[in-house]
Amino acid sequence: MKTITYCILLLGIHYYGFSQVGIGTTTPTAELEIETTNTGIPALEINPQTAPTGTVTGQLSLIGDKLYMYDATRVKWLSIETSNLHFGRPGTRNNEVLRYSGNFGNQNAGALMPFDGTIVYITARARGGLANKDFSVEIRNGGAIVGTANTYSLASSEFSDTNINIDFSAGDFIVSRILNTPTTDTVQDLIVTAWIKWRR
């Protein structure tokens, strides 16, 4: 009899140890579900932290007034929100600055960053079937490049990289340019998009 009771107890512990949890519901549809009614109070509150230690991708923390997720690949907290910056120039071009979201045409014109952040993806597309043409995405402060220029190559008029990890600081600005390599090639109607997340 003791053995049967012990087995039933173990089965019960196993069931409850790996079951779903519902708050406000007895039939949760996820590992944790909070079902609310319109009571006038929020369903969830996350208290802000200043400097949590992240260990695995997917951990969430409210830092200051932004929600961040820890990115173990890039080893940093990055904002849940993502913003994109567009650079481009119509026509046939070679060895010149791309214009940022409008008609700014010199090397010191770009998006001024209000917070520390990280460029996490870069995509580029041009018209025409180019074999190869280089472009750069630069972090600048004042007139100088911060660190080194990050150079990429178009192949068949397209470029896409979702593993970018370029940090910038508040007060820096981001510039993109068509490079003079290879010197014999030009590029037509190039658009470069840099995807950024804020960093803590």
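Start with the aromatic rings: a search of the whole structure finds seven aromatic pairs. Here, rings of Phe, Tyr and Trp (its six-membered ring) pair if their centres lie within 6.5 Å; planes under 30 degrees apart count as stacked, over 60 as edge-to-face and the rest as tilted. Select Y70 and W77. Their ring centres are 5.3 Å apart and their planes stand at 70 degrees, so this pair is edge-to-face.

Before going on, note that this is a predicted model, in which local features need pLDDT of at least 70, side-chain atom pairs count only at pLDDT 80 or more, and totals for chains, interfaces and linings use all residues. Residues are numbered from 1 along each chain as its sequence is written, and side-chain values use heavy atoms, with hydrogens and water left out.

Are Y70 and W77 buried or exposed? Y70 is buried, with a relative accessible area of 9%, and W77 counts as buried at 7%. (Buried means under 20% relative accessible area, exposed over 50%, partly exposed in between, with a 1.4 Å probe and protein chains only.)

Next, select F135 and F159. Their ring centres lie 5.5 Å apart with the planes at 80 degrees, so this pair is edge-to-face. F135 lies in strand β11 (residues 133-141) and F159 in strand β14 (residues 158-161), so the pair ties together parts that are 24 residues apart in sequence. Helices (H or I, at least four residues) and strands (E, at least two) are DSSP runs, numbered from the N terminus. F135 is buried at 0% relative accessible area, and F159 is buried at 16%.

Now pick F115, F168 and W198, which form one aromatic cluster.

Zoom out for a moment. How many helices and strands does the protein have? There is one helix, along with 17 strands. Of the 200 residues in the protein, 34% are buried.

Return to strand β11 and select V137, which is found there. V137 is buried, with a relative accessible area of 1%. Show V175 as well: V137 and V175 are 38 residues apart in sequence, but 5.8 Å apart in space, C-alpha to C-alpha. Leaving aside neighbours within four places in sequence, the residues in contact with V137 include I119, Y152, I174 and V192. Contact means heavy atoms within 4.5 Å.

Which residues have the most contacts inside the largest nonpolar core? They are I119, I122, F135, I174, L190 and V192, in a core of 30 residues. A nonpolar core is a set of buried Ala, Val, Leu, Ile, Met, Phe, Trp, Tyr and Cys residues joined through side-chain atoms within 4.5 Å. Colour the strands that each supply at least two residues of this core, among them β10 (117-127), β11 and β17 (187-198). β17 gives the most, with six residues.

For a last stop, select R140, also in strand β11. R140 is buried, with a relative accessible area of 5%. Its side chain makes a polar contact with the side chain of E138 (2.9 Å). A polar contact is a pair of N or O atoms within 3.5 Å; within protein, one must be able to donate a hydrogen and the other to accept it, and residues adjacent in sequence count only if both atoms are side-chain atoms.
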